[in-house]
Number of protein chains: 2
Amino acid sequence: MRTDTVYKRAFNRAASMLRDGQLVGELPSENQLRRRIGISRTTVRKVLLELVRRKLVAYHNGIRVAGRAVDENDYYPDAETTPRAKHVEQQFMEWMLRGDTKPGTSINELELARQFGVATNGIREFLIRFSRFGLIEKRPNTGWLFKGFTEDFALELFEIRMMFELRSAHLFSQQPENSPLWTKLAALKIAHVDLLKRIESRFHDFSGLDNRFHRLINEASPNRFIDDFYEIISFIFHYHYQWNKQDEKQRNKAALLEHITYIDALESRNSARIAKACRAHLASARATLMRSLIALEE
Amino acid sequence: MRTDTVYKRAFNRAASMLRDGQLVGELPSENQLRRRIGISRTTVRKVLLELVRRKLVAYHNGIRVAGRAVDENDYYPDAETTPRAKHVEQQFMEWMLRGDTKPGTSINELELARQFGVATNGIREFLIRFSRFGLIEKRPNTGWLFKGFTEDFALELFEIRMMFELRSAHLFSQQPENSPLWTKLAALKIAHVDLLKRIESRFHDFSGLDNRFHRLINEASPNRFIDDFYEIISFIFHYHYQWNKQDEKQRNKAALLEHITYIDALESRNSARIAKACRAHLASARATLMRSLIALEE
DNA sequence: AAGTTGTTTTTTATGGATAAAGTTCATGCT
DNA sequence: AGCATGAACTTTATCCATAAAAAACAACTT
């Protein structure tokens, strides 16, 4: 059966809105609410029905107003707000990165399905999606081959990343002076400097900035294949660093400084300087990844 | 039910082997045959059983020898030797390229499933696989968006292709003198010259050479992401040209000449000359694709 | 011991069913 | 006419079932 994670997440969202006083007086119409939450009216209605049933919302003569205060355990647990497909992704990444899965291992859909508690279909869909990351390969009628999260992988990944980023940074710097992206870049620089001041406690915030920064650079001259590739990078890094917390603060601080140098270079419009900053930053990111891969092999 | 296309294709293959006299005297063991055809023993046994049943093979005391002559209608029809997934691919490409599918159209899994006569599962798997081509996009819980086989697409595709190919050609030219790839390149050049002589009748053979050539260039310094990208290119071109036969001979002849210039450039080891030939060839390929895209929009 | 064939077990490819979520249609109210 | 709600209909996410194909096991032969 299809999960009702959309409903549960929406319910939690509505509960938070109630708690934070975003819904005072008469509640907005189903359609307005629907748009705010980003789901269909069918699902909002289900949410409203339940809110009323639990007396979080009172309903009289076609008018809905906030009811009793929202309680901590009115919320559905987080796990129930994530669709199966996402769970599969998480479990697979865990299996791949944390388990002792060696390069050359073959992947068995049925076994994973049993292990993760889902139907084989879900596993297969995930693997198809995941195959574009270059870590697994399908052999028809037979199964999948795990090629390994190896040094080679990291090298190939970064070779492409370097090409793409040099290209995008160059094009970014050639934008007209009045492009709004320059303003965005300036804002981003400020965010970097701010974070640097509070790096001791807020170092986790770096990954958000990192994403914003690299996406901004691509915005100047969009290319869907480069965007796609950047998604691969983010995905890999997301899971990889979730698993490898070592030196996180130190690493992020270093990257933050590199970004600032890189932004300054962009603002200078000086090609050579840009290329240098870009190379330096990526080389350092690559070195970090490689270091932890080697650790992984031991 | 799973199709038995593997069996049927294997049967046809075995029938051809019998007909061409590749199986004289006592037939090879199940295992040997299996390896030659590239399937499991289970399936070879099924093939052998049927061959015997149809008297194409005679079986006495554990010994199998060729039986009556193979007839044209012993073969299973081609359509039955292609797995469903492949059919879906073909039908989808037809639908996309030949139909009047406009950019922005949304794709409905159920409708396609009905139209193509398969279960929704198959459609969905295909779409997931196909999404890496950058032509469609998934919107969760809602369906897929067809972004259009547009000029933008072609431009973005070729921008990446140019970067990759310049990089690979450069690295190719830097290989040591004794690399076996130089020999392969020389052989490929001869094949090009030969084809050029018979271009009037054999112009269809170009696409095979094209593939060999571009793969060879990548071989010097492999990168899985570049290989993957090349698969996108081949796929797109395969279907696109299958649909657009206009000027095919002329186009292929021109490309053949460009390849020869390109090969000469590589053999000269002269970077500037290589880059020039590479650019010229890709620019021409892009122009051809763009021309037919514009025709498509009318 | 290595290679055969026969048999059993496991896994993949494919179809089918269904609750949840999305979309459309209908009706009523300003 | 334009927006609400109610109800019906359609599509997606997900599980389950099963024949075909692969893989593993077993017994036999040279």
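This is a predicted model: local features need pLDDT of at least 70, side-chain atom pairs count only at pLDDT 80 or more; totals for chains, interfaces and linings use all residues.
How many nonpolar, polar and charged residues does the surface near DNA strand D have? Residues are numbered from 1 along each chain as its sequence is written, while chains are lettered from A and ligands numbered from 1 in the order in which they are written.

**View 1. Chain A on its own.** Chain A has 13 helices and 5 strands (DSSP runs numbered from the N terminus: helices are H or I, at least four residues, and strands are E, at least two). Its C-alpha atoms fill a box of roughly 70 × 55 × 35 Å along the principal axes. Of its 298 residues, 22% count as buried (20 or more other C-beta atoms within 10 Å of a residue's own, with C-beta atoms placed from the backbone).

**View 2. The surface near DNA strand D.** By class, the surface splits into 11 nonpolar, 21 polar and 7 charged residues (Ala, Val, Leu, Ile, Met, Phe, Trp, Tyr, Cys and Pro are nonpolar; Asp, Glu, Lys and Arg are charged; the others, Gly among them, are polar).

**View 3. The largest nonpolar core.** This core has 33 residues, and those with the most contacts inside it include A:F153, A:I160 and B:F229 (a nonpolar core is a set of buried Ala, Val, Leu, Ile, Met, Phe, Trp, Tyr and Cys residues joined through C-beta atoms within 7 Å). α7(A) gives the most, with 6 residues. Zoom in on A:I160: leaving out residues up to four places away in sequence, A:I160 touches A:F229, B:N223 and B:F225 (contact is C-beta atoms, placed from the backbone, within 7 Å).

View 4. Strands β1 (residues 57–60) and β2 (residues 63–66) of chain A run antiparallel, joined by 4 bridges (strands pair if DSSP finds at least two bridges between them). A:V57 stands opposite A:A66. The hairpin leaves 2 residues between the strands, and A:N61 in the turn has a positive phi of about 45 degrees.

Notes: A residue is buried if 20 or more other C-beta atoms lie within 10 Å of its own, exposed if 12 or fewer, and partly exposed in between; C-beta atoms are placed from the backbone. Two residues are in contact if their C-beta atoms, placed from the backbone, lie within 7 Å.
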